[in-house]
Amino acid sequence: MTLTANQTAAMTALIKSCLDNMCGETLADLQADPYTWVKSIDLVEAGWGQKEAEGTFGSLVAAGLVVDDLNNGFYLDEDWDELAKYHA
């Protein structure tokens, strides 16, 4: 999958946010965590403007990297090989 530089930076920020929230360091830590929840505010907290974060987040949902669980919120797709590309 080819992402823009902005989308790539956003995925790195979202993975970092998930790891920070669970006090983890590696993707293996996330694989053991059933709650890889993310939201656009995670991007705002990482430096995106609100509208930019919403647009970027929406593009990641459209790309299938962030999944919209209509009942609970958004979470990272569990394609660990793909996510490994964005883990800094």
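## About the model

This is a predicted model, in which local features need pLDDT of at least 70 and side-chain atom pairs count only at pLDDT 80 or more, while totals for chains, interfaces and linings use all residues. Residues are numbered from 1 along each chain as its sequence is written, and side-chain values use heavy atoms, with hydrogens and water left out.

## Helix α1

Let us start with helix α1, which covers residues 5–22. Helices here are DSSP runs of H or I with at least four residues, strands are runs of E with at least two, and both are numbered from the N terminus. How far apart are the end C-alpha atoms of helix α1? They are 26 Å apart, which agrees with the 26 Å that its 18 residues should span at 1.5 Å a residue. That expected span is 1.5 Å times one less than the number of residues in the helix.

Several residues of α1 are buried, among them Q7, M11, L14, C18 and L19. Buried means under 20% relative accessible area, exposed means over 50%, and partly exposed is in between, using a 1.4 Å probe and protein chains only. Other buried residues of α1 include A10, A13, I15 and S17. Just after α1 comes C23, which takes a positive phi of about 60 degrees.

## Salt bridges

Side chains of opposite charge can pair when their charged atoms come close. A salt bridge is counted when a side-chain nitrogen of Lys or Arg lies within 4 Å of a carboxyl oxygen of Asp or Glu. How many salt bridges does a search of the whole structure find? It finds three. One of them takes us back to helix α1, where K16 and D20 lie four residues apart, about one turn of the helix. Their side chains meet with an N to O distance of 2.9 Å. K16 is partly exposed because its relative accessibility is 49%, and D20 is partly exposed too, at 46%.

Another salt bridge joins the side chains of K51 and E54, at 4.0 Å from N to O. These residues are three apart in helix α4 (residues 50–63), so about one helical turn separates them. K51 counts as exposed at 68% relative accessibility, whereas E54 counts as partly exposed at 36%.

E82 and K85 also form a salt bridge, with their closest N and O atoms 2.9 Å apart. Is E82 buried or exposed? E82 is buried, because its relative accessibility is 9%. K85 is exposed, with a relative accessible area of 51%.

## Aromatic pairs

Rings of Phe, Tyr and Trp (its six-membered ring) pair if their centres lie within 6.5 Å; planes under 30 degrees apart count as stacked, over 60 as edge-to-face and the rest as tilted. The whole structure holds two aromatic pairs by this search. W37 and Y75 make an edge-to-face pair, 5.6 Å centre to centre with 90 degrees between the planes. W37 belongs to strand β1 (residues 37–38) and Y75 to strand β3 (residues 73–76), so the pair ties together parts that are 38 residues apart in sequence. W37 is partly exposed at 32% relative accessibility, and Y75 is partly exposed at 25%.

F57 and F74 also pair edge-to-face, with 5.0 Å between centres and 85 degrees between planes. This pair links distant parts of the chain, with F57 in helix α4 and F74 in strand β3, 17 residues apart. F57 is buried, with a relative accessible area of 5%, whereas F74 counts as partly exposed at 26%.
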